[in-house]
Amino acid sequence: MQFSSYIICGTPRSGSTLLCSMLAETRVAGRPHSYFRQQDVAEWAEDWGIEPASSPDDVQFDKDYVAAMRRVGADGTGTFGLRLMWASVTDASRRLDNVAGGKADITTRLEETFGPSLYIHLSRLDKVAQAVSLIRAQQSGLWHRNSDGTVLEGEETPRPVAYDGDQIGGGRAWAGRRRRVLGQFLQAARHRTAAADI
């Protein structure tokens, strides 16, 4: 099967930001990003020149937003890239249903919107390191740095961090629950899923 899009699915601190950046830098694999992350939608819309939504179910906004997402996510390459974390699945489903004018399974909507899609399940092998990374990011407010050391995402002046074994255990359990739910989601697209462990 020939794919015209790929959807990177994972949990926070699994390496998806690095993977998205590397794929975009190839200039042949689109520009994957978390375009359905609810906290960022208004900012993306403003960057793309889309009028703000008049309500949570503003059909015209969702149509304009998804059209712009397709353009930006493909970046002129003919391949659309998307990062879709479990926390964004509900909002993505709602927006795509809104555009289509009815309800359907999210994997069906994704394929209708972006064409035949390859799902990439990204998982970090060292779950303790993933939990520690998550807790450090939450405590410090610093999520990602650029290769030159400047802040890519988060606070310019990170807050101090402290070891908290209970918090790390909770972060590991949380990530495990997210991975299981994400695995169930990916079962719907099992025939077109690739797995990657880093």
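This report describes a strand pairing and a group of aromatic residues in a predicted model.

## Strands S1 and S3

Strand S3 spans residues 117-123 and is mostly covered, with six of its seven residues buried. Strand S1, made up of residues 5-9, runs parallel to S3 and is joined to it by five bridges. Within this pairing, Cys9 stands opposite His121 in S3.

## Aromatic pairs

Eight aromatic pairs are present in the structure. One of them is formed by Trp48 and Tyr65, whose arrangement is tilted, with 5.0 Å centre to centre and 40° between the planes. This pair links distant parts of the chain, as its members are 17 residues apart: Trp48 lies in the loop between helix H2 (41-47) and helix H3 (59-74), while Tyr65 belongs to helix H3. Both Trp48 and Tyr65 are buried.

Tyr65 also pairs with Phe61; the ring centres lie 5.7 Å apart and the planes meet at 20°, so this pair is stacked. Phe61 and Tyr65 are separated by about one helical turn because they are four residues apart in helix H3. Phe61 has 6% relative accessibility and therefore counts as buried. The relative accessibility of Tyr65 is 0%, so this residue counts as buried too.

## The cluster and a neighbouring charge

Which residues form one aromatic cluster? The members are Tyr35, Trp44, Trp48, Phe61 and Tyr65. Tyr65 has a further contact, with Arg95, which lies over the face of the Tyr65 ring at 5.8 Å from the ring centre.

How values were computed:
Residues numbered from 1 in each chain as written. Predicted model: local features only at pLDDT ≥ 70, side-chain atom pairs only at ≥ 80, totals over all residues. Heavy atoms only, no water. Buried < 20%, exposed > 50% of the residue type's maximum accessible area, 1.4 Å probe, protein only. Helix = DSSP H or I, 4+ residues; strand = E, 2+ residues; numbered from the N terminus. Pairing = 2+ DSSP bridges. Phe/Tyr/Trp six-rings, centres within 6.5 Å; stacked < 30°, edge-to-face > 60°. Lys NZ or Arg CZ within 6 Å of the ring centre and 35° of its normal.
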